[in-house]
Structures are given as C-alpha cells and as structure tokens.
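Trainee: Before I rely on any of the terms used for this model, I would like to see each one set against its cut-off.
Mentor: Then let us look at the structure and take the terms in turn.

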Amino acid sequence: FFNIHRKKQNKWTNYILTDEEINFIEDCKEKCNFTKIINFASKIEVGIVTAANHFFILNQDHATKYSLNEFAYPIVQKSSVIKNKFFLDDELINSLNDDEIPAYLIQIDDKPKMQLDRKLRDYIAAGEEELLHQRFKMKKRNNWYHVPEKWIADLFFIKRSHLFPRICINKSKYRATDALYHIKVLPLYEAESLACSFYNTLTFIDCELNGRYYGGGVLELTPNEFKGTCIRYQRYNKSSQFDIDKFIKDKNIEGLLQYNNSIVLNELNDNYRLKLNKIYQKLLARRLRK
C-alpha cells in the first residue's frame, strides 16, 4: 500500500516520487494559483496531417520546379528544424530555404481536378502514379489531394522533447504538421506572455508527470496530457520576452528556470524553489537514465 496518502494518483509516473513530494507539488500549485493551460486557450489541437509529406511538403527549389509557388505556404514539418528558437519568424524560413529543407505546404483546393489549374493537375497525376490516392487516409478525403487546413496558431507546443519541453511563438504565421500542437490563445491573454509563463520548474515537473517517455529519454505529451498541464499566467514586457529568447538560444536551461521562477513562482521562497528543483532533477534523471 505504498503511496496512498497523496493528493494526486492518476498516472504511473507519479510513483517515481514519494507521497510527500507529490503533495508538496500540489501545495505549490495552490500557493501560486496554477491552473490548466487549456483555460488560457480557445483551442489546442494537433497539427496538419498530410499523409504523404514528401508529396505535399516541398523545398523552395522543388516548388519552383513544378511551378507551384502560388499554392505553397510556409510550414514547420519537423520539430528538429526549430532547433533553439523561441520566436518563429522569417529568419526560420530563410534558413530552411538556404539549407534546401522542405518547408512549403502545397495547398490544393477541395474541388474536382478539372476545376483546378493545369499545373496542379499535372502534379496530382504524378502523385497518382505513386498510387498515393490509394492510401487509407487519402480515401477518407473528398479529394485525396486536398490536405484539410488548420487555423493559424498563436503558439506551437512541440509534442516530443528531450532536455526540456518547448513552446514557441508563431510570429510569422506558419502552419505546422502534427509534430507540433496548435494553440489559439483566448483574447483576454497575450500569446507571448503565455509562452513565457510556461518556462518554470513547476510546469516542467507537471509535464514530466503528465507525459510518458520512450527510449533515449524522449518525453511526449498527448493533446489531452498537454491541455491538463498546469501553468500560471504572468504578463511579460518585450524586454523580458527577449531575455527568455536569449536563454533558449543559448540552451541555458538552468539560467532560464532561475530567471523565470522568480517571476512565475514569486509566491514561493528560496527553500520551496530549491526543493522543486531537486524534484525536477529527480524526474529528469530518471527519464534520461542519468
């Protein structure tokens, strides 16, 4: 009957910690008025599923080669291309173009082929030669070549992470595949401030407890697990936003948490924050097998 005197028992990863540690985490959430991140968003959904990324997502040269530039929209295909970015701006698409990385979604209207531009019909024919139209997910569409659109997100959450979970600000209104979750922030809140508020030790602990991990120490949160992750919204000015951006660019996670804990966890004294850090390091060491 180990670990029965605890406030939270809903996931197996909680049992890495003791009753006292779990209850301490829950008490800290109460002291700091933490609440689920879904309470700050009108929508949180998975990204675009093309079912054939090699066909629907092209690099700039290939989009030009097939004369499809007018139908091409910037998209983040893999979380790895974001690297250590907090602001996803024009600098990202420029670097992807320089490296010839696929970064453009070919968006074809959901209408019969004969009503489409000739360039699109030729490209669709090439896809049918690959038998793409016979794939299971394609058959479920009205027209196999139309990728269902997504609304433009304010923020992206990277569903799989390694050293620490990540939220990015969608400055240049990119689209993204299902490697990232789309977040639409409620009008009452500022997207940049919500993203900044995410980077604190208590929220990182919640991600570790809510998610699951795989070989190599990869942490993954499903949409519902992410929606249930707790956060405390604080307003950040431009200067503070750029400070956080610099910490992330420099991969200075210790500095980032120390800086942001003083803002988000300001209700907690140094001893509380130190104890939270020890709990987080315990969870992190277990996941990374250190």
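Trainee: What share of the contacts in the protein with a separation of 6 or more comes from residues 24 or more positions apart?
Mentor: Residues 24 or more positions apart account for 74% of them, where contact means heavy atoms within 4.5 Å. This is a predicted model, in which local features need pLDDT of at least 70 and side-chain atom pairs count only at pLDDT 80 or more, while totals for chains, interfaces and linings use all residues. Residues are numbered from 1 along each chain as its sequence is written, and side-chain values use heavy atoms, with hydrogens and water left out.

Trainee: How many helices and strands does the protein have, and what makes a run count as one?
Mentor: The protein has 12 helices and 13 strands; these are DSSP runs numbered from the N terminus, helices being H or I with at least four residues and strands being E with at least two. The C-alpha atoms fill a box of roughly 65 × 45 × 35 Å, taken along the principal axes.

Trainee: Why is Phe24 called buried, and what is Tyr272 called?
Mentor: Buried means under 20% relative accessible area, exposed over 50%, and partly exposed in between, with a 1.4 Å probe and protein chains only. Phe24 has a relative accessible area of 10%, so Phe24 is buried, whereas Tyr272, at 27%, is partly exposed. Across the protein, buried residues make up 52% of the 290 residues.

Trainee: How many aromatic pairs does a search of the whole structure find, and why is the pair of Phe24 and Tyr272 called tilted?
Mentor: The search finds 24 aromatic pairs. Rings of Phe, Tyr and Trp (its six-membered ring) pair if their centres lie within 6.5 Å, and planes under 30 degrees apart count as stacked, over 60 as edge-to-face and the rest as tilted. The centres of Phe24 and Tyr272 are 5.3 Å apart and their planes stand at 35 degrees, so this pair is tilted. Phe24 lies in helix α1 (residues 19–31) and Tyr272 in helix α12 (residues 270–288), so the pair ties together parts that are 248 residues apart in sequence.

Trainee: Why is the pair of Phe55 and Tyr123 called stacked?
Mentor: Their ring centres are 4.3 Å apart and their planes are at 15 degrees, so the pair is stacked. Phe55 belongs to helix α2 (residues 53–56) and Tyr123 to helix α5 (residues 118–129), 68 residues apart, and the pair thus links distant parts of the chain. Phe55 is buried at a relative accessible area of 3%, and Tyr123 is buried at 7%.

Trainee: What makes the charged end of Lys275 count as sitting over the ring of Phe24?
Mentor: A charge sits over a ring if NZ of Lys or CZ of Arg is within 6 Å of the ring centre and within 35 degrees of the ring normal. The charged end of Lys275 sits over the ring of Phe24, 4.5 Å from its centre.

Trainee: Which residue caps the N-terminal end of α10?
Mentor: Asn237 caps that end, with a side-chain oxygen 3.2 Å from the backbone nitrogen of Ser239. A polar contact is a pair of N or O atoms within 3.5 Å; within protein, one must be able to donate a hydrogen and the other to accept it, and residues adjacent in sequence count only if both atoms are side-chain atoms. At the start of α8, a side-chain oxygen of Asn200 reaches to within 3.1 Å of the backbone nitrogen of Leu202.

Trainee: What makes helix α8 mostly covered?
Mentor: In helix α8 (residues 201–210), 10 of its 10 residues are buried.
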